[in-house]
Amino acid sequence: MELRGVGQGYGAREVISGLDLDVRPGVLGLLGPNGAGKTTLLRTLATVAPPTRGAISVCGTPVVSQRAARRVRRHIGYLPQHFGFYPGFTVYDFVRYCAWLRGVPAATIDASTREAIDFVDLSQRSGAKLRSLSGGMIRRCGIASAIVGRPRLVLLDEPTVGLDPAQRLEFRAVLRRLRAANVAVMLSTHLVEDVAAVCDDVVVMRDGRLIWRGDPESLAAAALPSAEGDTPLERGYMSLLGGQRAIA
Amino acid sequence: MTAVMLWTEVRRSPLRWWLPVLIALDVAMLFGRNTWWIGVWPEASAAAQLPAYFFGMVLGGGAAWTAGRVHRAGIAEQLAAAARPRWPAELLLLSSTLIYGLVAYAPGVVIAAVVSAPHAGPGFLWLSYLGIGVCLVVLSASAGHLAGKLWSSRFVPPIAVAICLFGQTVLRPVRFYVLSGHVQVEISATAFATRFAFALVMAVLAVTIPARAVHRDTRGTPAGVLRPLAAVTVMAGLVMIAMAGPLQVTRAAPSQPLCSAAKPRVCLWPEEGRYVGLVGAMAARLAALPGGGLKLPETFYEAGLRDPAVPDAAADFRLLEGGVSVPSFLSSAVLNRTLPVCDVPAANSEKFTHEAFRLDAYLQVRSYGTAEALGSGGGPPGIDMREIADVAHRPERVQAKWVSDRLAAIRRAGENCRDR
């Protein structure tokens with residue numbers, strides 16, 4: 001997926017502006033403070049919010065209309081920040097419903113559903129109602145709904161919020177499996193330790209702009225001696241936010 | 001796969017808890033008003049159709065609740081990001097609601113058929129009345145679905161739908177229901193077609209009108225154009241329904257009415273065959289009256305069988321609420337022939353009317369066999385029913401003299417009286 005000069009906002013307010021970004025297989029971390037435009041960027045990538053300017057293309061196909069957007073959505077899995085679900089659905093029903101929404105062919109929808117549920121280790125609970133699951137299981141179910149039908153791009157908006165440490169470890173294992181499956185994953189998060197654990201690449205946003213891109217080691221190396229933070233990565237991230245260093 | 005998804009929606013619909021209530025409402029409304037429709041196919045069809053109006057309000061509320069779950073569960077964002085357009089998902093939701101509505105509607109129809117069949121005349125349930133009920137189910141579900149989609153409050157949609165549907169009771173030209181299915185009338189094809197089309201349009205609007213946007217930056221849905229257009233479409237539809245004329249129109253009389261053999265004969269519409277015996281017995285009781293100057297017609301006709309231009313046709317009886325409504329019509333038919341035509345001075349008008357009313361009450365009591373015929377209203381105005389009941393139990397010759405005295409009093413109250 002390629003974004004060129006993408007701007008996004010409503011009314012006179014521009015939430016992201018002039019953004020160029022390539023998303024390729026692997027896990028790409030998206031860091032930034034609140035209000036940086038991370039969610040807006042993910043919604044733009046998910047083609048939910050068409051850009052006010054600039055161009056998006058997927059595998060060379062420009063997304064210029066609702067119809068084109070629907071076509072590419074078959075290849076995009078999206079777990080919104082506020083992940084909604086019907087509490088009365090079973091895990092299986094919900095993931096299958098999401099597969100149906102994604103346009104997974106009827107002939108393969110059940111197999112795809114089982115595969116996605118297996119992938120997040122929820123097979124034992126596939127018949128359980130969502131209301132009966134823990135927060136971590138709900139998140140895994142959300143990921144299953146995002147990856148069902150094997151999309152080529154998976155967008156995860158702060159998926160680890162509210163998870164306990166054990167659940168976050170489980171979640172990271174899922175991300176590693178996605179990476180191994182050669183899926184392009186974009187992970188928006190506040191938690192730099194998640195980035196350190198699973199991301200191949202990191203982008204940092206601030207005020208609607210991409211201010212840095214590199215691998216986690218480079219981010220750690222960008223730390224200023226005076227920067228706040230408990231880990232090298234946190235110090236590198238805080239340095240970028242406070243140090244006004246803009247690197248493409 | 002769509003069937004599987006539909007089944008999933010049906011299984012999780014909140015209406016599954018309400019289905020017993022809907023069915024109970026259906027059956028309660030079928031039998032709750034009266035049972036005289038049993039055995040008369042058009043009446044049974046109309047009776048089976050009417051509960052759809054009452055449980056339609058519950059159905060509309062349920063539809064609004066169901067449609068609003070997308071917002072409440074926070075699924076709107078996933079729907080916006082779906083490869084499928086929004087409408088198939090909305091269609092699944094609306095279809096699940098419609099299934100519950102039709103499942104609730106069906107028992108009343110089946111029961112109406114089952115209880116009517118042993119007593120019924122020719123024919124079967126009238127599809128036109130049942131179709132009106134189906135229209136009402138579709139309209140209720142669609143209006144509810146639309147309300148649930150457009151308003152986020154969990155309380156507003158059910159209330160709005162109930163108000164809209166209840167409004168039908170006061171907006172007579174756009175009613176989607178009939179209170180009864182008298183044999184003299186039938187559903188107008190034009191009125192039915194417009195209502196059917198309107199219900200379908202409402203369903204299409206409910207499915208396709210863009211829902212409330214969750215995020216301000218969600219573009220691509222021309223809601224600003226579609227919603228006013230939908231409102232105009234709905235208003236235009238209502239105007240067309242109003243212009244399509246009344247829902248029920250007069251029906252052509254049968255070439256072969258169903259008539260009793262005994263004198264005086266009674267002739268009814270064939271569909272009301274189960275009442276031939278009842279009305280025939282009433283006529284027979286009138287024929288057995290002890291004289292006194294009463295004149296009976298040779299045949300009592302049910303309304304609609306004769307050309308309205310025939311002089312006595314206006315007094316032809318109607319089975320408005322089963323047999324209990326017939327005596328007043330039979331009495332009118334007898335009095336039409338019996339009472340002289342007089343000029344009545346203003347000073348005697350009250351006396352003249354009072355004596356006619358006494359005779360009327362007496363004939364009704366005699367034809368029905370008891371004072372029940374006069375219903376809860378207590379008979380004609382100003383009449384002492386105890387006196388009438390007392391007269392009806394006296395020896396026949398006393399009754400004949402009482403009748404003769406009433407006729408004489410009427411002649412005295414009038415001037416220039418002449419027999420008809």
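The following dialogue asks how terms are applied to this predicted model.

Student: Why is Ile383(B) called partly exposed?
Tutor: A residue is buried if 20 or more other C-beta atoms, placed from the backbone, lie within 10 Å of its own, exposed if 12 or fewer, and partly exposed in between. Ile383(B) has 18 C-beta neighbours inside 10 Å, so Ile383(B) counts as partly exposed.

Student: Where is Ile383(B), and what does Ile383(B) touch?
Tutor: Ile383(B) sits in the loop between H13 and helix H14 (385-392) of chain B; helices (H or I, at least four residues) are DSSP runs, numbered from the N terminus. Leaving aside residues up to four places away in sequence, Ile383(B) touches Phe357(B), Arg358(B), Ala361(B) and Ile388(B). Contact requires C-beta atoms, placed from the backbone, within 7 Å. From Val365(B), Ile383(B) is 18 residues apart in sequence and 13 Å apart in space, C-alpha to C-alpha.

Student: What makes helix H3 (residues 41-49) of chain B largely enclosed?
Tutor: Nine of the nine residues of H3(B) are buried, so the helix is largely enclosed by the rest of the structure. Among them are Trp41(B), Glu43(B) and Gln49(B). The cover over these buried residues includes helix H2 (15-32), helix H4 (51-72), helix H6 (86-116) and H7 of chain B.

Student: Which residues have the most contacts inside the largest nonpolar core?
Tutor: They are Phe94(A), Val95(A), Ala144(A), Leu155(A), Val185(A), Met186(A) and Leu330(B), in a core of 200 residues. Helix H7 (residues 127-150) of chain B gives the most to this core, with 13 residues. A nonpolar core is a set of buried Ala, Val, Leu, Ile, Met, Phe, Trp, Tyr and Cys residues joined through C-beta atoms within 7 Å.

Student: Why are helices H5(A) and H6(A) called roughly parallel?
Tutor: H5 (residues 135-147) and H6 (residues 165-180) of chain A pack at an angle of about 15°, with their axes 10 Å apart. Angles under 35 degrees count as roughly parallel, over 145 as roughly antiparallel, 65 to 115 as roughly perpendicular and the rest as oblique. H5(A) and H6(A) are therefore roughly parallel to each other. The contact includes Ile143(A) of H5(A) and Phe171(A) of H6(A).

Student: What makes H12(B) oblique to H13(B)?
Tutor: The axes of helix H12 (residues 326-338) and helix H13 (residues 349-368) of chain B come within 8 Å and cross at roughly 125°. That makes H12(B) oblique to H13(B). Residues that meet include Leu330(B) in H12(B) and Leu359(B) in H13(B). By class, the contact divides into eight nonpolar, four polar and one charged. Here Ala, Val, Leu, Ile, Met, Phe, Trp, Tyr, Cys and Pro count as nonpolar, Asp, Glu, Lys and Arg as charged, and the others, Gly among them, as polar.

Student: How many residues of chain B are in contact with chain A?
Tutor: On chain B there are 24, in contact with 29 residues of chain A. H5(B) gives the most to the chain B side, with four residues. That side divides into eleven nonpolar, six polar and seven charged residues.

Conventions:
Residues are numbered from 1 along each chain as its sequence is written. Chains are lettered from A and ligands numbered from 1 in the order in which they are written. This is a predicted model: local features need pLDDT of at least 70, side-chain atom pairs count only at pLDDT 80 or more; totals for chains, interfaces and linings use all residues. Helices (H or I, at least four residues) and strands (E, at least two) are DSSP runs, numbered from the N terminus. Two residues are in contact if their C-beta atoms, placed from the backbone, lie within 7 Å. Axes are lines fitted to C-alpha atoms, for helices over the stretch in contact, and angles run from 0 to 180 degrees between N-to-C directions.
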